[in-house]
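Please open the model in a viewer and keep the selection panel at hand.

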Amino acid sequence: MDSRIYISFIVPIYNVSPFLEDCVQSLCGIQNPRIEILLVDDGSVDCSPSICRKYAEKDGRVRVVTQDNQGVSMARNNGFMLAKGKWVCFVDGDDRLSDDFEDGIMGQIDEDMEVVYFGYQRMTGGKVPQCIDRGSRFMEERDLREAWLRILNRDIYRDSERFPDTILFEAPYMRFIKREKLLEWEIFFDKSLTWGEDLLYNFRLLQKVKKVKVIDRTGYYYRINEASITQRYDERAAERFFLLADAMGAEVEKAGDGEAARQYQVFVLKQLLLSAKRNLLNPYNPRPYHERKAEYRRMRHSEVVENALRSFPYGSVRLSYKLAIGIAATGSYGLLWTFYQMKRIRESVERLTAGTGGGKKKNG
């Protein structure tokens, strides 16, 4: 750690040139000279590298790190190992910080804490929402345990006032973490995962932390980027599902917590459905129906899914998930396909009517 550097901002970058300038400008807008901005280019093939170099030449606080394409986990890990600050803060290259981040967020960091969370809002079409400021508080032991369990199943405690919709415990960003604590706890992103690595990271983190502050004020704008891995068709979704289920299962077993083991069954089935939506049920999937059906049946009848269905706590999820998981339990790909086609049509109609003023906009 370099005592002269207070915060290290770590930005993993891969082909996000349309948004990267907005992201880096929001970081360079911070006047504090005791920050560093680590731009970690993960083998981009667009003009992201030249944008990184431009800002490094303009601002001495910016450092550019280049690596062959190894995935976001390695980009974050490499940035972290090169960081010199007392605190680290991850920022995705297609997101941005609020204009008043320095005073509104950085000015509220508590030196006695291990982690300081701050609020976010979703940004669509480049439109920045109005700042939300609901004050700050410290998390108690019960809060931390519930936040930990929410990594497995966000539906539990979702109506609790202690977990506002502007604080996202599952994400890798929207927080400051003491660097020395991450080294002590040996918490890094799992390089074998390219999907759900943030969930596993935070599941490990929330088992360790004891001193946590929450600043419920907008400091981070999460851009809805249709080209990101969480939005587009993903032909490797099934493979990613099994890797994540195995890795999280090992962590749950290591924790030896009965409630975590119970909610892990929900986690498996939700990830099964998410994988199916991104791949097998995705309208952009070019594979014929019979191939997608066969792939789904392979996933559905895997040991990890069979075990989850046998002990799934139906009372701990919303109605839509109960229906979808109930359909998954039948093993019928056709029924699941029909369910999501109807859901997709309904959501499209709701977006259309909201856009013409003919109906209410959906929350979230």
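**Stop 1: a helix and its buried side**

In this predicted model, select helix 10, residues 289–300. Its 12 residues reach 16 Å from the first C-alpha to the last, close to the 16 Å expected at 1.5 Å a residue. Next, display the side chains of R292, E295, Y296, M299 and R300, the buried residues of helix 10. They lie on the same side of helix 10, because they cover an arc of only 135° around its axis.

**Stop 2: the nonpolar cores**

Select Y117, L205, L206, F241 and M248. These are the residues with the most contacts inside the largest nonpolar core, which has 74 residues. Then centre the view on L205 and leave aside residues up to four places away in sequence: L205 touches V115, Y117, R175, I177, L182, W185 and I187. A second, separate core has 39 residues, among them C23, I35, V62 and M106. In soluble globular proteins, nonpolar side chains tend to be buried together.

**Stop 3: salt bridges**

The whole structure contains 27 salt bridges.

Begin with E197 and R76, whose closest N and O atoms are 3.3 Å apart in a salt bridge. E197 belongs to helix 7 (residues 197–208) and R76 to helix 3 (residues 72–82), so the pair ties together parts that are 121 residues apart in sequence. Are these two partners buried or exposed? E197 counts as buried, at 7% relative accessibility, and R76 counts as buried at 3%.

Now select R217 and D133, whose side chains meet in a salt bridge at 2.7 Å, N to O. Because R217 lies in strand 9 (residues 212–223) and D133 in strand 7 (residues 133–138), this pair ties together parts that are 84 residues apart in sequence. R217 is buried, with a relative accessible area of 17%, whereas D133 counts as partly exposed at 47% relative accessibility.

E184 counts as exposed, at 53% relative accessibility, while K181 counts as buried at 19%.

Finally, select D22, R96, D99 and R223 together: salt bridges that share partners join these residues into one network.

Methods:
Residues numbered from 1 in each chain as written. Predicted model: local features only at pLDDT ≥ 70, side-chain atom pairs only at ≥ 80, totals over all residues. Heavy atoms only, no water. Helix = DSSP H or I, 4+ residues; strand = E, 2+ residues; numbered from the N terminus. Expected span 1.5 Å × (residues − 1). Buried < 20%, exposed > 50% of the residue type's maximum accessible area, 1.4 Å probe, protein only. Arc of directions from axis to C-beta. Core = buried A, V, L, I, M, F, W, Y, C linked by side-chain atoms within 4.5 Å. Contact = heavy atoms within 4.5 Å. Salt bridge = Lys/Arg side-chain N within 4 Å of Asp/Glu carboxyl O.
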